[in-house]
Amino acid sequence: MSIEGETCTENNGSTAHCACSATHGTELLSNFVLPPQMRPLTVRPIHIPLVDLALLENADTRPQVLDQIHKACCEWGFFQVVHHGVSLDVLSDLRTSLNEFFSLPLSAKSEKGLLIGDSGQGYGTGFVDPKSGATEWKDYLLFHTYPTSNRDYSKWPSTLRNDIELVSGELLALSQKLLAIISESLGLPSSSIENAMGMLHQKILAAHYPPCPQPEVAMGSCEHTDIGIITCVWQASEDVVSLQVLKDEQWHSVEPNPSAIVVNIGDQIQIFSNGKYRSGPHRVVLNASKPRLSVVAFHNPSASTLVSPSKSLVDEQHPPKYNPTLFKDYANIHRISAV
Ligand SMILES: O=C(O)CCC(=O)C(=O)O
Ligand SMILES: [Fe+2]
């Protein structure tokens, strides 16, 4: 389980090695090297279910879209959406500004005062995966975007502020729309999930995975599930296949589709659906020659939200599989990832 958007306590500017410089010649520093059984293997690329949200507008095609989402949530916990309402031009502008930012030397980011601070926002690197003990090969920017009172603009690079504001608003609207459809696909009123989860807390992660001289022994993001409600991912590097999803005990690569947004169900929907819908384990593998960039929007409940299986999905044949749990307690137990 991962801890989306929580403070990166492990991030430590003084001891962390920026992934870009963490080699002895072509060999990685040992802190990046995973135990052999946790290293990535070559896997089959796959097209996870692709859902055209435009088909929801037509009464004839709407039921088949709901079926498609139901099946994808049961089997994968992942799907992709097109006609999602997030401006591809804004995403593309954001990619340009992010590439400029991530190409700055570490010292420049420190000078700008952008290293992650008390608010949990800003620039980070050097996260240690607690399961393997290995440092993940990535650096990132983390923005707490909604509610807007959580924004710490002093940690947001000024060149990115406008695009992050635009993209985060559109990704929030998309997520609200998806939660309504996912509720319906469970056979519930469309407001069910949002009513159960309360106001969405959104965090945007811009993750940068530099080329890695030994991609076979390291990982950009180790195996985890997302602990929140729903995550939307834009795979900004069209030519790098990096995101992998675990299904039927096999890892599958998610081919990037620049006009699509990848959607993944988080642990809180798995709990709410009483295990009908799956929070799919996933990870990010590395490329020897190309960097990879992704923009990830996590949506969590507030810390004080008590999440439990929906009463409508529990009966004698389907007893509750999960105890009601405050999101803050859940997050503390599953605090295993940088963001
Ligand atoms: O970079 C990605 O594609 C996904 C990263 C991820 O899964 C996460 O940070 O939770
Ligand atoms: Fe994730």
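Buried means under 20% relative accessible area, exposed over 50% and partly exposed in between, with a 1.4 Å probe and protein chains only. This is a predicted model, in which local features need pLDDT of at least 70 and side-chain atom pairs count only at pLDDT 80 or more, while totals for chains, interfaces and linings use all residues. Residues are numbered from 1 along each chain as its sequence is written, chains are lettered from A and ligands numbered from 1 in the order in which they are written, and side-chain values use heavy atoms, without hydrogens and water.

**View 1. The salt bridge of Arg62 and Glu184.** Arg62 lies in helix α1 and Glu184 in helix α4, so the pair ties together parts 122 residues apart in sequence; helices are DSSP runs of H or I with at least four residues, numbered from the N terminus. Arg62 is partly exposed at 27% relative accessibility, and Glu184 is partly exposed with a relative accessible area of 27%.

**View 2. The salt bridge of Lys177 and Glu57.** Their closest N and O atoms are 3.8 Å apart. Lys177 is partly exposed at 33% relative accessibility, whereas Glu57 is exposed at 62%.

**View 3. The cysteines Cys73 and Cys74.** The structure holds zero disulfides, a disulfide being a pair of cysteine sulfur atoms within 2.5 Å. The sulfur of Cys73 is 7.0 Å from that of Cys74, too far for a bond. Cys73 is buried at 0% relative accessibility, and Cys74 is partly exposed at 29%.

Note on methods:
Salt bridge = Lys/Arg side-chain N within 4 Å of Asp/Glu carboxyl O. Helix = DSSP H or I, 4+ residues; strand = E, 2+ residues; numbered from the N terminus.
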